[in-house]
Amino acid sequence: MKLDDLQLAVMKALWKLGSASVTQVREELQKENRDLAITTIGTVLSRLEKKGAVKHETEGKQYIYKSLISEGDTRKSMLGTLIEQFFGGNPKALVNHLVGEGEFDKKEIEEIKKLLK
């Protein structure tokens, strides 16, 4: 599933909260210095629902949203898209890029080596 920056921020809020109203999502996003209008968040959640990423249930007069996709599956999907688009489907090329650009210090490289073993 492909998510833009705002959709991903809303999904992260839902993953953290479990289930939430638009107001609760807004409050969570405000903690990250994202001051968005209620209507904006409602629109994003509506679009996410059309994509099949979330569903809602009605409680009183408000919708309560819940994620239908896991954070891990979303990360895997989005990373797979990134690798395909920028690195020709070669994950090794991504790692070479990160190492070559100095994204890791020596300690982190040693930790990565341990993970690979």
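Q: Which residue in β3 is the bridge partner of Ala20?
A: Ala20 has Tyr65 as its bridge partner in β3. This is a predicted model, in which local features need pLDDT of at least 70, side-chain atom pairs count only at pLDDT 80 or more, and totals for chains, interfaces and linings use all residues. Residues are numbered from 1 along each chain as its sequence is written, and side-chain values use heavy atoms, with hydrogens and water left out.

Q: What makes β1 and β3 a pair?
A: Strand β1 (residues 19-20) and β3 are linked by 2 bridges in the antiparallel sense. Two strands pair if DSSP finds at least two bridges between them, so β1 and β3 qualify. The strands themselves are DSSP runs (E, at least two residues), as helices are (H or I, at least four), numbered from the N terminus.

Q: How do you know that β2 pairs with β3?
A: Strand β2 (residues 54-59) is joined to β3 by 6 bridges, and the two run antiparallel. Thr58, for instance, stands opposite Tyr63 in β3. In the hairpin of these strands, with 2 residues between them, Gly60 takes a positive phi near 65 degrees.

Q: Why are β1 and β2 called edge strands?
A: The open sheet has 3 strands in the order β1-β3-β2, with antiparallel pairing. Each of β1 and β2 pairs on one side only.

Q: Why does Thr74 count as buried?
A: Its relative accessibility is 4%. Buried means under 20% relative accessible area, exposed over 50%, and partly exposed in between (1.4 Å probe, protein chains only), so Thr74 is buried. Thr74 lies in helix α4 and touches Leu3, Trp15 and Ile69, not counting residues up to four places away in sequence. Touching here means contact, with heavy atoms within 4.5 Å.

Q: What puts the buried residues of α4 on the same side?
A: The buried residues of α4 are Thr74, Ile83 and Phe87. They cover an arc of only 165 degrees around the axis (taken from the directions from the helix axis to the C-beta atoms), and therefore share a side of α4. Asp73, Glu84 and Gln85 are exposed on the other side of α4. The cover over the buried residues of α4 includes α1 (5-17) and α5 (91-100).

Q: How does the reach of α4 compare with the expected span?
A: Helix α4 (residues 71-87) has 17 residues and reaches 23 Å from its first C-alpha to its last. The expected span is 1.5 Å times one less than the number of residues, and the 23 Å of α4 is close to the 24 Å expected. Just after α4, Gly88 has a positive phi of about 60 degrees.

Q: Which residues have the most contacts inside the largest nonpolar core?
A: They are Met11, Val25, Leu29, Leu45 and Leu48, in a core of 20 residues. The largest share of this core, 6 residues, comes from α1. A nonpolar core is a set of buried Ala, Val, Leu, Ile, Met, Phe, Trp, Tyr and Cys residues joined through side-chain atoms within 4.5 Å.

Q: Which element has the lowest mean pLDDT?
A: It is α5, at 85, while strand β3 (residues 62-67) has the highest, 97. The chain mean is 92, and 100% of its residues reach 70 or more. pLDDT is the predictor's confidence in each residue, from 0 to 100.
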